[in-house]
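The following exercises concern a structure to be examined alongside its sequence.

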Amino acid sequence: MPNEFPMNDPQSVWQNQPAEPLKMSATDLRRKALATQSKARYAVLFIIVVAIICCVVFAWSFTGANTALARMGYGLVSLSMIYGAYHAYKWTWPGNLPEEAPIDTCLEFYRRALERQRDYSHPWWRSGLPVLILTLLGVVMAAVGTEARNAPPSWLLALGADKHPLLNALPFFLILAIWVVAFLILRKKQGPKTLQREIEELRAFERENRW
Amino acid sequence: MPFALLVGGGIYRAEITFNLLESSMAGNYLKCARARTIPAGTVNQDSLYEQAADTCGSSLDRLARAYEFDAEARRDLLQEIHFQLWRSFAHFDGRCSLRTWVYRVAHNVATGHMIRQRRIRDSLVSIETIEAMPDSNDPGELAVTQAEALDRLSMLIQRLKPLDRQIIVSWLEGMDASSIGELTGLSPANVAMKVHRIKNILKRRFGEGGLHAE
């Protein structure tokens, strides 16, 4: 009986599907709120503690460094750790549901979510990447500064290395640099173009639909 | 070496934090950073939530089905919708009806959930694209059982982009063009046009009965 009601009335088919309505108790909701908040806060707290420990370790290395370049390197890493800890607190410390989320129309909400994705407004991109770059730079400076005074260690000489240890590490840094550049280029090529197109469509839709 | 381990651990923890924040806060980090505490909840918030869960519970379950097809993930999504709904009622000021508020929060949470699954998101299409596609079903072959019809409907919904998905789900829930417009931000005329297209597609897939719900 293919043409008979309700099989061919999509609204009826949809509304009559078996549903399992959920209702959370006030206690469950509060417990979930607290658990979510605690879990997220512990995760952020972990990052902050790690950053502070690293900051102290590198500050201690700073005092024992024998060249200005090494001191600058250790100082840079130490400062980047403070920066990382500050950003972890500022951008990822859990708070309230954004007030505009429910008030926004679905069109606005969707467009903003895509824009955030396009702009890499993810906390990782805002704080993690600068911290990583500063740390790497600091480590390189500290290594160059420290090794500048030293001859290659005996074990390296025994392995046949007649060059400075930093030259041996050059391929690693080169590959790392290529990887970072390729990753950023690929990400830029793949994501934002299609995202941008969709955002433009949604913006045009918003202009068209102001009422 | 310990430094590398610590940094590695930090990055891993950071990933967990992002996931947590994304799932629990519908993705607005700037606002999150400024507001420091989760509200403890008020009597009004609780009673509004109870009212919403009583009146829209089944609709919310169906809405979650439209966005997530894996049963376990759907259960999590539904819980997240209810949780965010409860939290949102701390800010409810009556500027729109309770039903519109509930659907907005639910659709926004579900859309946030969908956006995070980028691989799925990239393969979605609009109602217009589906309408222009040749129908793969035999026109004479209509769904014979409720389950078959529901599968077919679900498969159609699965392919749609978030905005079109919101429209079709709202229409299937029996909302009129003006209410769907208030929910989505589209003008009623535009909603009506989209609904017309949806009906054309459904007519092809469900037969003439697809137009019963005019």
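**Exercise 1. The nonpolar cores**

Task: Identify which residues touch the most other members of the largest nonpolar core.

Solution. In this predicted model, the largest nonpolar core has 57 residues, and the members that touch the most others are Ile81(B), Leu85(B), Ala106(B) and Ala110(B). As to origin, both domain 1 (2-119) and domain 2 (124-211) of chain B contribute at least three residues each to this core. Apart from it lies another core, of 17 residues, which includes Ala40(A), Val50(A), Ala51(A) and Cys54(A).

Next, consider the contacts of Ile81(B). With residues up to four places away in sequence left out, Ile81(B) touches Leu60(B), Ala64(B), Ala106(B), Val109(B) and Ala110(B).

**Exercise 2. The setting of Glu198(A)**

Task: Determine whether Glu198(A) is buried or exposed, and locate it in chain A.

Solution. First, Glu198(A) belongs to helix α8 (residues 165-208) of chain A. Second, the cut-off for burial is 20 or more other C-beta atoms within 10 Å. Glu198(A) has 20 such atoms within 10 Å and is therefore buried. Third, Glu198(A) lies 8.3 Å from Arg111(A), C-alpha to C-alpha, although 87 residues separate the two in sequence.

**Exercise 3. Chain A as a whole**

Task: Describe the secondary structure, burial and contact range of chain A.

Solution. Chain A contains eight helices and zero strands, giving the order α-α-α-α-α-α-α-α from the N terminus on. Of its 211 residues, 28% are buried. Among chain A contacts between residues at least 6 apart in sequence, 74% join residues at least 24 apart.

How values were computed:
Residues are numbered from 1 along each chain as its sequence is written. Chains are lettered from A and ligands numbered from 1 in the order in which they are written. This is a predicted model: local features need pLDDT of at least 70, side-chain atom pairs count only at pLDDT 80 or more; totals for chains, interfaces and linings use all residues. A nonpolar core is a set of buried Ala, Val, Leu, Ile, Met, Phe, Trp, Tyr and Cys residues joined through C-beta atoms within 7 Å. A residue is buried if 20 or more other C-beta atoms lie within 10 Å of its own, exposed if 12 or fewer, and partly exposed in between; C-beta atoms are placed from the backbone. Domain bounds come from an automatic or database domain assignment. Two residues are in contact if their C-beta atoms, placed from the backbone, lie within 7 Å. Helices (H or I, at least four residues) and strands (E, at least two) are DSSP runs, numbered from the N terminus.
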